Amino acid sequence: MISLCPNPNPSFLHLHHRHRHRRRPFFVRSLDAAQPFDFESQALDRLNAKSKLKIAVVGFGNFGQFLARTFAAQGHTLLAHSRSDYSTAAAAIGASFFRDPHDLCEQHPDVVLLSTSILSAADVLNTLPLGRLRRSTLFADVLSVKEFPRNLLLSALPSDFDILCTHPMFGPESARHGWAGLPFVFDKVRIGESEERISRCNRFLEIFEKEGCRMVEMSCAEHDHKTAESQFLTHTIGRILAKLGPEDVDIGTKGYQTLLELVQNTCNDSFDLYNGLFMYNKNATELLDRLDVAFTELKKELFGNLHDILRKQLFENPEESNELIKQPKRWTCLVINFCLGLFVRQNYQVLL
């Protein structure tokens, strides 16, 4: 804004008295002065306030805090609740922590974000006094499976509540350099038709858009089918390798180093997460069966080749067979291996 006043020059004031009918010129005294009628600034403040959300993060563990840091950086008001005391962690990012779910709900958040483990989601949801929330509250979740929370929220929440199922396909480790380009899957399960509700849902999704996420709208059923083929498979292979106890070696190949990184990344996540991916995704059991069949077929192929080699040594090369007969120990080992290979092949055929 510009503040103006008459020229204070005395000679000008004398002239002014002699010619009262003349208009007094004005001169600039200050720029951008704060004025009570600074309507442009006030309108901008109101617009910014309207675009911000009051988000209650329920389940303020490692992943909940990871998301909350970005929410806070974008200027949203944060509330937090968890069964463990994370008040210090909440205060560090400017969030208000509530141990009592009643106190949390009385703050009337725009969005309640369920960020618990898969296994505890139902129990935690049942502790929330839904009657203390506004009837139009938006519930969202960030669980790694989607059909389970979809059905849970539809059955547990009043019909007035909006429901948005989401899955950020990244975590603190994979997104340590930012969220740009990383997939964010969402399904607008139940969003009211009013402009206010649609806008609120879109503003929540814009949090991830602003960070550069690749936004993917997908049904919960399709999500679970695809993640069983990718996320659950990755965790399964990583944990199988962990059971083998691989060690870093100075002559390891790049492929081997990749396997070691896979073991580290998957085992950094809790077993509860992996167990939840199995228990609450109906596609996981089918994938384990297919994985078992694939491994059986691979072993069958290996032992089958071994059996063919031993057969040739025993029956297709008489001279070598005569030499083997003269060496009882070598002959015994060869016969045992041949029988073992035959047994394994026959049993795998039965299994398949």
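A salt bridge is a side-chain nitrogen of Lys or Arg within 4 Å of a carboxyl oxygen of Asp or Glu. Asp162, Arg197 and Arg200 are linked in a network of such bridges.

This is a predicted model, in which local features need pLDDT of at least 70, side-chain atom pairs count only at pLDDT 80 or more, and totals for chains, interfaces and linings use all residues. Residues are numbered from 1 along each chain as its sequence is written, and side-chain values use heavy atoms, with hydrogens and water left out.

**Overall build**

The protein has 14 helices and ten strands. Both are DSSP runs, numbered from the N terminus: helices are H or I with at least four residues, strands are E with at least two. Of the 352 residues, 37% are buried. Buried means under 20% relative accessible area, exposed means over 50%, and partly exposed lies in between (1.4 Å probe, protein chains only).

Eight strands form an open sheet with mixed pairing, in the order 5-4-3-6-7-8-9-10. Strand 5 (96–98) and strand 10 (214–217) stand at the edges with a single partner strand each, so one side of each has no neighbour in the sheet. From one strand to the next, the twist averages 25°. Two strands pair if DSSP finds at least two bridges between them.

Strand 4 (residues 77–81) runs parallel to strand 5, joined by three bridges. Here Leu79 stands opposite Ser96. Strand 3 (residues 54–58) is also parallel to strand 4, with five bridges. Lys54 faces Thr77 in that pair. Strand 4 is mostly covered, as four of its five residues are buried.

**A buried phenylalanine**

Phe204 lies in helix 8 (residues 195–210). Is Phe204 buried or exposed? Phe204 counts as buried because its relative accessibility is 0%. Contact means heavy atoms within 4.5 Å. Leaving aside neighbours within four places in sequence, Phe204 is in contact with Leu53, Ile55, Phe71, Val111, Leu113, Ala140 and Leu164. Phe204 and Leu164 are 40 residues apart along the chain, and their C-alpha atoms are separated by 9.8 Å.

**Salt bridges**

A search of the whole structure finds eight salt bridges.

| Pair | Closest N and O atoms |
|---|---|
| Arg132 and Glu106 | 2.5 Å |
| Arg134 and Asp110 | 3.0 Å |
| Glu222 and Lys226 | 3.1 Å |

Arg132 lies in the loop between helix 6 (121–127) and strand 7, and Glu106 in the loop between helix 5 and strand 6, so their bridge ties together parts that are 26 residues apart in sequence. Arg132 is partly exposed because its relative accessibility is 37%. Glu106, at 41%, is partly exposed too. Glu222 and Lys226 both lie in helix 9 (residues 220–244). They are four residues apart, about one turn of the helix.

**A positive phi**

Most residues other than glycine have a negative phi. What is phi of His108 near? The value is near 50°, which is positive. His108 is found in the loop between helix 5 (101–105) and strand 6 (111–114). At 33% relative accessibility, His108 counts as partly exposed.

**A patch on the surface**

Phe295, Leu298 and Leu302 form a nonpolar surface patch, with about 320 Å² of accessible area together. Patches are made of residues with over 30% relative accessible area and no salt bridge; like charges are joined within 9 Å, nonpolar side chains (Val, Leu, Ile, Met, Phe, Trp, Tyr) within 5 Å. Accessible areas come from the Shrake-Rupley method with a 1.4 Å probe, and for residues only the protein chains shown count as cover. Phe295 is found in helix 12 (residues 283–315).

Key: Axes are lines fitted to C-alpha atoms, for helices over the stretch in contact, and angles run from 0 to 180 degrees between N-to-C directions.
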